Amino acid sequence: MEKQITQQGQLRIALRNCGMLDPENIAESIARDAYQALGKVLKELSPQECINILKQSGLRGRGGAGFPTGLKWEIASKSQSDQKYVVCNADEGDPGAFMDRSILEGDPHSVLEAMAICGYCIGADKGLIYIRAEYPLAIKRLRIAIDQAMEYGLLGKNILGSGFNFEIKLRYGAGAFVCGEETALIHSMEGKRGEPTNKPPFPATSGFMKKPTNVNNVETFANIAPIILKGPDWFSSIGTKNSKGTKVFALAGKINNVGLIEVPMGTSLREIIYEIGGGIKEDKKFKAVQTGGPSGGCLTEKHLDTPIDYENLIEAGSMMGSGGMIVMDENDCMVSVAKFYLDFIVGESCGKCTPCRVGNKRLYEILEKITQGKGVMKDLEKLKNLSYIIKDTALCGLGQTSPNPVLSTLENFYDEYYEHVVEKKCRAGHCKNLFHYVINEELCVGCAACKRCCPVHAITGDKRMPHYIDSNICIRCGECIEKCSFDAISIQLEPKILV
Amino acid sequence: MEMIELSIDNKLVSVQKGTTILKAARKVGIDIPTLCHMELHNMSIENKPGSCRVCVVEVDGRRNLAPACVTEVAPGMVVNTHTARVLNARKTIVELLISDHPYDCLVCAKSGNCELQSIAHKFGIRRIHFKGEKSTYRKDTSPSIIRDVDKCIMCRRCEMICNEVQTVGALSAVNRGFISVVAPAFEMDLEHSPCTYCGQCVSVCPTGALTEVDSTHKVLLSLMDKSKTVIVQTAPSVRAALGEEFGLPPGTLVTGKMVAALRRMGFDYVFDTDFAADLTIMEEGTELLGRLRAHLAGESNAKLPILTSCCPGWVNFLEYNFPDLLHIPSTAKSPQQMFGAIAKTYFADQIGVKRQDLVVVSMMPCLAKKYECQRDEFKVNGNPDVDFSMTTRELADFIKQSNIDFLNLPDEEFDNPLGESTGAGVIFGNTGGVIEAACRTAYELYTGKKLETIEFENLRGTEGIRSAKLDFDGLTLNIGIAHGLSNARRLLGDVRAGKSNYHAIEIMACTGGCIAGGGQPYHHGNSEILRKRRDAIYSEDKGKIIRKSHENPYILKLYKDFLGQACGHKSHELLHTVYHDKSNNEVTIHHD
């Protein structure tokens, strides 16, 4: 299985053990080198030596922003305090993303081990995993893993006789997207409303309970042990100049092979979509791929050969994010895609700052107006200006990136916006107000199958005579097209004419 | 302390490390506009969630704009507070806020005092470019406070004051995204929440989202009713703040003009709550001495410390949070209620008016007083001792509506017999004032000697919790003072844990005492106003000939003719009350 995956152009570091072992049996994890790195760190390395290894490896945070992990640990290690904390951010919230969940379900010890290593490096004896309560299996396996590791003396007091103590507790999130932002996550763990606060102070100086706290994402932690065992040079030999190692992506959308993949940084979108992903479903034409979740943007055909790394994605108007990758084909309307993400943000904004709370709602309303065929050219200008102001003034990372789907679609698919606004046309046939169904009189035999299935009685016609769809009644459910055996019903890309 | 040098609008500024850009700018006279931010200097009250984003400024080398209120200065920082980029962003932010705000300024209680309105005016906003849905919520009316959170702009000031300053915990942000708003938990009514009606949330709300229940119209109807005799009492703090509403400098005492105005508005008798404050001291002071003597005699059931009970917000807080300590406050009613009880018995008899034909109105700096006068304990056969309680703000509006040229009124005197008061009654408005007034009387009653220095300076001040030792002719009396309910909670926690050695404790719900009450003219974050009101109260006391409650001739006459002795049978019937356990306040959850 491992070989097969490697042949496909994938390289599994974070996912190395997923599917290879029984996550509920620590012995199987140990057989695949779990806690070897922790042992090595505790016996052979000083905290600073271990941090240096991470710095040399070039590992950057996999949660989205890509902050150098070694540097983050170093800052936390230098903060003076009687108590510090290691926090694992397992509040995976991007729509369609499930990388962290797979790691926690398939290889929980890789995260526990790395948290203990982090604790040793920064001088913390307490670890917390903030995990969404919607991940019951991951929670169950984490609990089992923590219990077994305690039993084996790999967590708890005096680990491996080194004198180092480390314990890990779970904290449950109630499923708020914003709680993936580290200050919001910390407030949520403290029992407060999950809301971000201004940075600085960064958690490394004042985090959980106002103590220095190092927050890393699940996937980041999953990379730690291999780096310690195989060395920083091995890790930094993989990837591009500034982005080392691999990245896990959740492939979804109009692609043949959906699911998780792990590829070296620098792999192109073309390789991912056409080789690993097996191409677009039903051989339709590729239109875009959305990366970076709701904070990301859409990449188009012109980006297909761009090597994927942190910098290139940002330059292309998107971002790495946690690794969601949603592929779209010619039947996807890009205005509606932007609207979908804005809808998500409007519901998930914490509501604290004005630009995110009200501004995103107004962006959404303008997009809705456009998809309903009521847009005017001024709206496009308004979208752009408001987007820039939200980016410029919002309080946290969520708000500062929330207009990205709008800006990147405006940039890459301006034609589609223009068509919606000026021609009142949705070329993807997605916006229900901008097309209607027509029955071809020559093909219709008057069987009335469409008439019988229409939920709103929009279709009329006598038996064995051509039928007619009243667009003013029709709700564009598409049921009639499905039912027609004679291909007599088709979509006409002209706006609904309101009487 | 490390100093940081930076440049703001090309001016070099040197400030202490940790200073925000906002404060650094103010130091050199650059006023960056703010909305959610509010600070009461020297009172440890600051709200800076950094949420409205109106104060954003441009910092060289920074990708996005920086909120001045929460961004700390850094060495060599180059800040520009009014670039085109900044002005455009600020204006858009305010437009966004207004786009989700009802356009009912014409009839809004906050019109003219609204900070959103003034910032919109300042920014020259004439059109809202964003049309869309507005977030709407259920209107919630409690006995004291109206929540109309369609007007909430999520500045979080109320939440900060309710949770951090008052530790009441009635208000916090709920919901996510566009429909986020500050509300009681589970969207229950304020009335069923732990709210104490202290009104501090109202005093800091920048918009009309939190306002008082307006009784002006009901009072107007009573004044029109020829069959009613309408009398009014005015609390000490009202005269120290009312002038602000007419453009007078803060701290201007307007006692005489206020009396003249009330008389012209048609009140049949204009009385003074200070008279009832003197009465409160007689009862509370006597109770204190009684308990103290019992304690000194070694009686096991002697209840000490005694807590003052004249602040209704504090009483609500106690009943909800410390139901196990209901036996320790003084049982004396508040001055407002003592006044009502005496007015509708002693005074009604004197003028030959039936109880139900006498309407008692009170002018208070307070919102909890509105609730207090509606309590069942203070009614006789359903008829309340005090019919309506109005705030200083309502009184000012009422005077303006009555077309009275307030500033040119002559100074007039209160009516008698319930209008004569001493300096002791006046200082009730300041933190430490009630206990000082009580000590002036208790000292003389206990020692039988004349008090040499009337002012107890060691009881005065602005510290949240203060303690003082008073020498009662050899007996050392330990006095505790707390203002702001978080401080009250701390003192009460000690009492509950048996760690308190105080004989008497004064508690005021509002930080600063009644002068900063929820019904006072809005301070808009200017703590200097509060300081001047405080000074005005002390200067009124200083100017009084009689400054000890037990020397008030009308009080002495009241006891002689009607009540008998302090804490006697009749006093207990009319002037004392009981407290109830409200920790199991019925919770009603609305699902709409």
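Mentor: Start with contact: two residues are in contact if their C-beta atoms, placed from the backbone, lie within 7 Å. The model is predicted, with local features needing pLDDT of at least 70 and side-chain atom pairs counting only at pLDDT 80 or more, while totals for chains, interfaces and linings use all residues. Residues are numbered from 1 along each chain as its sequence is written, and chains are lettered from A and ligands numbered from 1 in the order in which they are written.

Trainee: Leaving aside neighbours within four places in sequence, which residues is B:T280 in contact with?

Mentor: B:C310, B:A332, B:P335 and B:M338. Take B:C310: 30 residues from B:T280 along the chain, with 8.2 Å between the two C-alpha atoms.

Trainee: Why is B:T280 called buried?

Mentor: The scale first. Buried means 20 or more other C-beta atoms within 10 Å of the residue's own, exposed means 12 or fewer, and partly exposed lies in between; C-beta atoms are placed from the backbone. B:T280 has 31, so it is buried.

Trainee: Which element holds B:T280?

Mentor: Helix 9 of chain B, residues 273-296. Helices (H or I, at least four residues) and strands (E, at least two) are DSSP runs, numbered from the N terminus.

Trainee: What is the largest nonpolar core?

Mentor: A nonpolar core is a set of buried Ala, Val, Leu, Ile, Met, Phe, Trp, Tyr and Cys residues joined through C-beta atoms within 7 Å. The largest has 317 residues, and those with the most contacts inside it are A:V111, A:M115, A:I117 and B:V57. Helix 7 (108-122) of chain A gives the most to this core, 10 residues. Apart from this core lies another, of 12 residues, among them A:Y437, A:A458, A:I459 and A:I469.

Trainee: Beyond four places in sequence, what is A:V111 in contact with?

Mentor: A:C88, A:I103, A:L104, A:V218, A:F221 and A:A222.

Trainee: Why is chain A called as compact as a globular protein of its length?

Mentor: Chain A has 21 helices and 13 strands. Its radius of gyration is 26 Å, close to the 23 Å that the globule rule gives for 499 residues, so the word holds. The radius is taken over C-alpha atoms, and the rule is 2.2 Å times the number of residues to the power 0.38. Buried residues make up 56% of the chain.

Trainee: What share of the contacts in chain A joins residues at least 24 apart?

Mentor: 71%, among contacts between residues at least 6 apart in sequence.

Trainee: Which domains does chain A have?

Mentor: Domain bounds come from an automatic or database domain assignment. For chain A the assignment gives domain 1 (14-236), domain 2 (246-329), domain 3 (334-423) and domain 4 (435-492). The centres of domains 2 and 3 of chain A, over C-alpha atoms, are 22 Å apart. There, 12 residues of domain 2 are in contact with 15 of domain 3. Strand 8 of chain A gives the most to the domain 2 side, 3 residues.

Trainee: How does that side divide by class?

Mentor: Ala, Val, Leu, Ile, Met, Phe, Trp, Tyr, Cys and Pro count as nonpolar, Asp, Glu, Lys and Arg as charged, and the others, Gly among them, as polar. The domain 2 side that touches domain 3 of chain A has 5 nonpolar, 7 polar and no charged residues.
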